Amino acid sequence: MSFYLKPATVGTGDKVVLIHSEIHGNEKTGTDAMLNILEFLGTNTPEAEKIRKEITLVALPKMNPDAAELNRRGNDMTWAEVMNQFPQLVGASPSWNDYTYKNESFDYQSKPGFDVNRDVNPDLNYIPQAKDFPGKSPTSGWFITPESQTTRDVYKSLLKQYGKEEIFVDLHHQAPYSEMDGTDDLSHTRFPLNFFQIQARLQDKIMPSMQKTIIMIFPDN
């Protein structure tokens, strides 16, 4: 399915922030959060005006629209379409993130798709090569999906326009895949029995880093 994604840009500040949501189409809350952020930044409040002067926010809401429409993780694309776009991959094994299964929740058998979140590569100029397939989860992706290509191209355009892109935020949320013990109910969030001990360690080690990141974006807030 063909589509066109155009980023929304707010602000004129020196710090360039790229943020996108719904790379998995059944993770909706990130898009809602991003739209709320854009709505707030479009107001004439002193806080919004101050932030617009400090950062340039580039947003790609619902960057996997086919998956969002199908309410599933993977996009709407076949391996045959990949080979059509990249003839050098004819004869190669399909990538490991090519979903073709069918279960009680999803039917990728009749409408295959790829996990776009696994289709990125640190080399922004990478060209897919047959020797790199099928790959595996810990290794880099290939930019074979239009969604990952769009994010890459937006990122490269920011580097060209601003000479930098300081922060990239990929919004997710946990879908209800965990079964609650003793029931057939699904849970969005589960806490281990030692949650509070883990939380304390996280606050000591991770929270200071998160705070530094926030201060770097909004130093005067």
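Analyst: **A close look at Ser-95 and what lies around it**

Leaving aside residues up to four places away in sequence, Ser-95 touches Trp-79, Phe-114, Phe-133, Pro-134, Trp-142 and Ile-144, where a contact means heavy atoms within 4.5 Å. Before going on, keep in mind that this is a predicted model: local features need pLDDT of at least 70, side-chain atom pairs count only at pLDDT 80 or more, and totals for chains, interfaces and linings use all residues. Residues are numbered from 1 along each chain as its sequence is written, and side-chain values use heavy atoms, with hydrogens and water left out.

Where does Ser-95 sit in the chain? It belongs to the loop that runs between α4 (79–85) and β4 (98–99). These labels come from DSSP runs, numbered from the N terminus: helices are H or I with at least four residues, and strands are E with at least two.

Is Ser-95 buried or exposed? It counts as buried because its relative accessibility is 3%; buried means under 20% relative accessible area, exposed means over 50%, and partly exposed lies in between, using a 1.4 Å probe and protein chains only. The Ser-95 side chain also makes a polar contact, at 2.7 Å, with the side chain of Asn-97. A polar contact is a pair of N or O atoms within 3.5 Å; within protein, one must be able to donate a hydrogen and the other to accept it, and residues adjacent in sequence count only if both atoms are side-chain atoms.

**Following one neighbour**

Two of the residues that Ser-95 touches, Phe-133 and Pro-134, are joined by a cis peptide bond with omega at about 10 degrees. Most peptide bonds are trans, and most residues other than glycine have a negative phi. Pro-134 lies in the loop between β5 (113–114) and α5, and that loop leads us to our next stop.

**On to helix α5**

Helix α5 covers residues 146–162 and packs on the sheet, where it touches β2, β3 and β6. Why does its length make sense? At 1.5 Å a residue, its 17 residues should span 24 Å, and the end C-alpha atoms are 24 Å apart, so the two agree; the expected span is 1.5 Å times one less than the number of residues.

Glu-147, Ser-148, Gln-149, Thr-150, Thr-151, Arg-152, Val-154 and Leu-158 are the buried residues of α5. Their cover includes β2, β3, α3 (65–70), α4 and β6. Notice α4 in that list: the Ser-95 loop starts from there. After α5 comes Gly-163, with a positive phi near 80 degrees.

**The sheet under the helix**

Four strands form an open sheet with mixed pairing, in the order β1-β3-β2-β6. Its edge strands, each pairing on one side only, are β1 (8–10) and β6 (167–171). Two strands pair if DSSP finds at least two bridges between them. From one strand to the next, the twist averages 15 degrees.

Strand β2 (residues 15–21) runs parallel to β6, with five bridges joining the two. Here His-20 stands opposite Asp-170, and Ser-21 stands opposite Leu-171. Six bridges join β2 to β3, again running parallel, and Ile-19 stands opposite Ala-59 in β3. Six of the seven residues of β2 are buried, leaving the strand mostly covered.

Helix α2 (residues 46–54) lies across β1, β2 and β3 (55–60), running at about 90 degrees to β3. Such angles run from 0 to 180 degrees between N-to-C directions, and the axes are lines fitted to C-alpha atoms, for helices over the stretch in contact.

**Just past β2**

The loop between β2 and α1 (29–41) holds Glu-22. Glu-22 has a positive phi of about 55 degrees, although it is not a glycine. It counts as buried because its relative accessible area is 1%.

**Stepping back**

The chain as a whole has seven helices and eight strands, and 36% of its 221 residues count as buried.
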